[in-house]
Amino acid sequence: MSAPYDIVIVGSGAAGLTAAISLAEKHRVLVLAKGNLSQGSTAWAQGGIAAVLDEGDTFENHIRDTMIAGAGLNRRDTVERVIAGAPGAIQRLIDMGVPFNKDKDALHLTREGGHSHRRIVHVDDATGWAVQEALLKTARANPNITLLPHQVAIDLITGHHEEKFSGSGRVWGVYALDQESGKVQAHTGRATIIASGGAGRVYQFSTAPRGATGDGIAMAWRAGARVSNMEMMQFHPTCLYNLEVKNFLITEAVRGEGGRLINPRTGKRFMEFYDPTRMELAPRDVVARAIDAEIKRFGLDYVHLDISHQPPEFVAGHFPNIHEKLLGLGIDMTKEPIPVVPAQHYTCGGILIDLQGRTDLPGLYAAGEATESGLHGANRLASNSLLECFVFGEAAARDIMARWEEFEEVPPIRPWDESRVTDSDEEVVIKQNWTEIRRFMWNYVGIVRTTKRLERAQHRIQLLNGEVADYYGNFRVTSDLVELRNLLQTAELIVRSALKRKESRGLHYTTDYPELLPVAEDTVIVP
């Protein structure tokens, strides 16, 4: 009996929906979303999409900026492929109805940290939301695409789950928990794409959405795929400091349009002490470390980001959503500074993929923040992330269609077995472990690291591994338990990767190895 779908996609953000829309030309596609269909990271992206569209700019400029930000750890063939694909990706989004800001007849381009030119297309300061809505509208209109929300992916279906055990490493889909029914279902397809986003929620402070728990990375690792550069966690320099509102990001573009970083104790700008040439427009890792250093040196809770020297109509016009949100919290950014702190923002490492989005496992592809494609290297350049989603979502889809005859029919798959588990009697265990992981990851594996701190984190993970495995083996799965298991697995991969890198490069800064090694090498971990 054939499966009802040809391809299963885990994730309903930019990467997953881009792949689905392309594949639906010829195939039946199932898209699984963890929460509602707009709950992922795409909708949260404020800044925009980097693309060379101005005559004064070139692909080579964008490539150079990306490689400089990535501290040479990028793979140049990937960088070239993605940047060359940017103008086409923007045009497809325009065709879908994304209302990018205009400057007379041309697209309005803004500039962000690390970019040598204005090349960021945007929809005010809510680009991600506009993109997500356009992709969803297009996907909903296609009869070959089924969108299924509130599905928590648990594990990939491999040869181990076939009724007649083959032992092959081929992936046949995913087991997922339906949050409304509480039942686990096997969703099968001849090809599977992981587009499940990053692992930001492994940290206490993060701008990532609640569901960014590294699910796709952990599932692929357990199934036998390699991961790479997991130590490269990007911390956004400017997250709003507010005890009531968590995770509200103040976009890079505020600094791009003249925002200044001020020490509230001294009342003076401080970036001149850390990067006197680029100042506030230095790459994110430089700015985040500078803010972290100021906070620790002066015993501050936050620093100030001030754009109030610009005309009020300029500020409100460029950042209408941020302006409105802050007004509701009693902060008028046209007249006063914004209190900000660094927070985890982007997972630069992940499942190792090639230029077609293929992983190590037959039948399994991946795209977007769950991957390490070679684009970002040791630090993601601002506004390259959505771009990566479009280019690799499309690449994976095209490769699957080109090689479709190689994909075998799905064999009979064993249903999920709950015969030996019971309902949990101690949900507090999950909450306690979740809180502990996020706290020690922030304190020991944060912006500045030491070998001693990393070893402490590793020790905590070893203690928790047995506890979580025992809990998972004895109790019926819940979304919180699935996420805890994946958070712990992802934390372990981050710490292992960080301990392997004996240098400071890009986002990985350790006081024990402050120098840069002469050759940039990926940290690849093999299951």
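1. Accessibility terms come first: buried means under 20% relative accessible area, exposed means over 50%, and partly exposed is in between, using a 1.4 Å probe and protein chains only. On that scale aspartate 522 is partly exposed, at a relative accessible area of 29%. Arginine 75 is also partly exposed, at 22% relative accessibility.

2. On the source: this is a predicted model, in which local features need pLDDT of at least 70 and side-chain atom pairs count only at pLDDT 80 or more, while totals for chains, interfaces and linings use all residues. Residues are numbered from 1 along each chain as its sequence is written, and side-chain values use heavy atoms, with hydrogens and water left out.

3. A salt bridge is taken as a side-chain nitrogen of Lys or Arg within 4 Å of a carboxyl oxygen of Asp or Glu. The count by this rule is 33 salt bridges. One of them joins the side chains of aspartate 522 and arginine 75, at 3.0 Å from N to O. Aspartate 522 sits in the loop between helix H14 (479–500) and strand S22 (524–525), and arginine 75 in the loop between helix H2 (59–69) and helix H3 (76–84), so this pair ties together parts that are 447 residues apart in sequence. Helices (H or I, at least four residues) and strands (E, at least two) are DSSP runs, numbered from the N terminus.

4. Where in the chain do arginine 476 and aspartate 423 lie? Their salt bridge has its closest N and O atoms 2.7 Å apart. Arginine 476 is in the loop between helix H13 (451–474) and H14, and aspartate 423 is in the loop between helix H11 (385–402) and helix H12 (428–444); the pair links distant parts of the chain, 53 residues apart. Arginine 476 is partly exposed at 27% relative accessibility, whereas aspartate 423 is exposed, with a relative accessible area of 54%.

5. Aspartate 354 and arginine 358 form another salt bridge, with 3.0 Å between the closest N and O atoms. Aspartate 354 is partly exposed, with a relative accessible area of 27%, and arginine 358 is partly exposed at 28%. A network of salt bridges links Lys34, Arg210, Asp215, Asp480 and Glu483.

6. The sheet to look at is an open one of five strands, ordered S8-S2-S1-S12-S20, with parallel pairing. Its edge strands, each pairing on one side only, are strand S8 (145–148) and strand S20 (364–366). From one strand to the next the twist averages 20°. Two strands are said to pair if DSSP finds at least two bridges between them. Strands of a sheet pair through backbone hydrogen bonds, either parallel or antiparallel.

7. Strand by strand, S1 (residues 7–10) and S2 (residues 29–32) pair in the parallel sense over four bridges, and valine 8 has leucine 30 in S2 as its bridge partner. S1 is also joined to S12 by four bridges, running parallel; here isoleucine 7 is partnered by alanine 191 in S12. S12 and S20 run parallel too, joined by three bridges, with tyrosine 365 in S20 as the bridge partner of isoleucine 193.

8. Which residues of S12 point one way, and which the other? Ala191 and Ile193 point one way, Thr192 and Ile194 the other, and all are buried. In a regular strand the side chains alternate between the two faces of the sheet.

9. Helix H1 (residues 14–23) packs on this sheet, touching S1, S2, S8 and strand S12 (191–194), and its direction makes about 160° with that of S1. Axes are lines fitted to C-alpha atoms, for helices over the stretch in contact, and angles run from 0 to 180 degrees between N-to-C directions. Contact means heavy atoms within 4.5 Å.

10. H1 also packs against helix H5 (residues 127–140), at an angle of about 30° and with the axes 10 Å apart. H1 and H5 are therefore roughly parallel to each other, a term for angles under 35 degrees. Residues Ala14, Leu17, Thr18 and Ile21 of H1 meet Gln132, Leu135, Leu136, Thr138 and Ala139 of H5.

11. Is valine 98 buried or exposed? Valine 98 lies in the loop between helix H4 (86–95) and strand S4 (102–103), and is buried, with a relative accessible area of 5%. Leaving aside neighbours within four places in sequence, valine 98 is in contact with Leu93, Val123, Ala130, Val131 and Ala134.

How values were computed: Parallel < 35°, antiparallel > 145°, perpendicular 65-115°, else oblique.
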